[in-house]
Amino acid sequence: MSFPGWDMQADRVCMKILTNISRFLLALIFTIFGLNGFLHFIPMPPPTGVAAQFMGAMFVSKYLLFVFASQLIAGVLLFVKRYVPLALTLLAPVIVNILLFHSLMAPSGLGLALFVAILWGIVFASVRSAFAGIVKARVETRTVPVRRHSDVISPA
């Protein structure tokens with residue numbers, strides 16, 4: 001016996017579960033790696049070659065502190081399920097840089113970088129309506145009339 005609309009509701013429930021798992025994993029990964037940037041509890045081998053030069057420049061310039069803070073803030077926002085579009089906006093450039101770093105300089109971590117990008121895409125798809133305004137090809141512009149205050153003195 002089949003109920004009408006059952007398949008659609010089951011698909012919706014599966015998608016909601018997938019989105020929640022993806023959001024949780026994304027939050028977990030970025031909270032842990034963001035905290036690790038400050039507390040150094042996960043020992044990592046130093047990179048070699050061009051990757052070492054790149055990481056050295058980011059470390060010396062204190063740029064990594066901003067990256068780790070962005071990861072930590074976005075991870076916490078995803079955990080508490082508040083301001084998810086803001087968290088995704090903070091993570092987007094970080095993930096692009098992680099993908100570029102691992103694809104161009106240190107290919108050993110490319111698998112995790114791709115996994116994180118897929119998780120981001122799943123969570124993004126669930127809140128894509130929040131980004132509807134920035135992906136329009138054309139936007140109608142409106143001019144606002146300028147109000148001018150006259151310097152008329154009342155005869156009082």
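This is a predicted model: local features need pLDDT of at least 70, side-chain atom pairs count only at pLDDT 80 or more; totals for chains, interfaces and linings use all residues.
User: Is K62 buried or exposed?

Analyst: A residue counts as exposed when its relative accessible area is over 50%. The relative accessibility of K62 is 54%, so K62 counts as exposed.

User: What is the value of phi for K62?

Analyst: K62 is a residue other than glycine, yet its phi is positive. The value is near 65°.

User: How many helices and how many strands does the protein have?

Analyst: From the N terminus on, the elements run α-α-α-α-α. The protein therefore has five helices and zero strands.

User: At what angle do the axes of helix 4 and helix 5 cross, and are the helices roughly parallel or roughly antiparallel?

Analyst: The axes of helix 4 and helix 5 come within 10 Å and cross at roughly 155°. Angles over 145 degrees count as roughly antiparallel. Helix 4 is therefore, with its angle of roughly 155°, roughly antiparallel to helix 5.

User: Which residues of helix 5 make the contact with helix 4?

Analyst: Helix 4 passes helix 5 in a left-handed crossing. On the side of helix 4, the contact is made by V84, L88, L91, A92, I95, I98, L99, H102 and S103. On the side of helix 5, it is made by L110, A113, L114, V116, A117, W120, V123 and F124.

User: What term describes how helix 3 and helix 4 lie to each other?

Analyst: Helix 3 and helix 4 pack at an angle of about 140°, with their axes 9 Å apart. The cut-off for roughly antiparallel is over 145 degrees, and for roughly perpendicular the range is 65 to 115. Helix 3 and helix 4 are therefore oblique.

User: What is the handedness of the crossing of helix 3 and helix 4?

Analyst: The contact involves residues of helix 3 including V67, S70 and Q71, and residues of helix 4 including V84, L86 and A87. The crossing of helix 3 and helix 4 is left-handed.

User: How many residues does the largest nonpolar core have?

Analyst: Helix 1 (6–39), helix 3 (63–80), helix 4 (84–104) and helix 5 (110–126) each give two or more residues to this core. Those with the most contacts inside the core are L26, F30, L78, L88 and L91. The core has 23 residues.

User: With which residues is F30 in contact, leaving aside its neighbours within four places in sequence?

Analyst: F30 is among the residues with the most contacts inside the largest nonpolar core. Leaving aside its neighbours within four places in sequence, F30 is in contact with Q71, L72, G75, L91, V94, I95, I98 and V116.

User: How far apart in space are P47 and M105, C-alpha to C-alpha?

Analyst: P47 is found in the loop between helix 1 and helix 2 (50–60). P47 and M105 are 58 residues apart in sequence. In space, C-alpha to C-alpha, the distance is 9.3 Å.

Technical notes: Residues are numbered from 1 along each chain as its sequence is written. Side-chain values use heavy atoms; hydrogens and water are left out. A nonpolar core is a set of buried Ala, Val, Leu, Ile, Met, Phe, Trp, Tyr and Cys residues joined through side-chain atoms within 4.5 Å. Buried means under 20% relative accessible area, exposed over 50%, partly exposed in between (1.4 Å probe, protein chains only). Helices (H or I, at least four residues) and strands (E, at least two) are DSSP runs, numbered from the N terminus. Contact means heavy atoms within 4.5 Å. Axes are lines fitted to C-alpha atoms, for helices over the stretch in contact, and angles run from 0 to 180 degrees between N-to-C directions. Angles under 35 degrees count as roughly parallel, over 145 as roughly antiparallel, 65 to 115 as roughly perpendicular and the rest as oblique. A crossing is left-handed if the near helix is turned anticlockwise from the far one by less than a right angle, and right-handed if clockwise.
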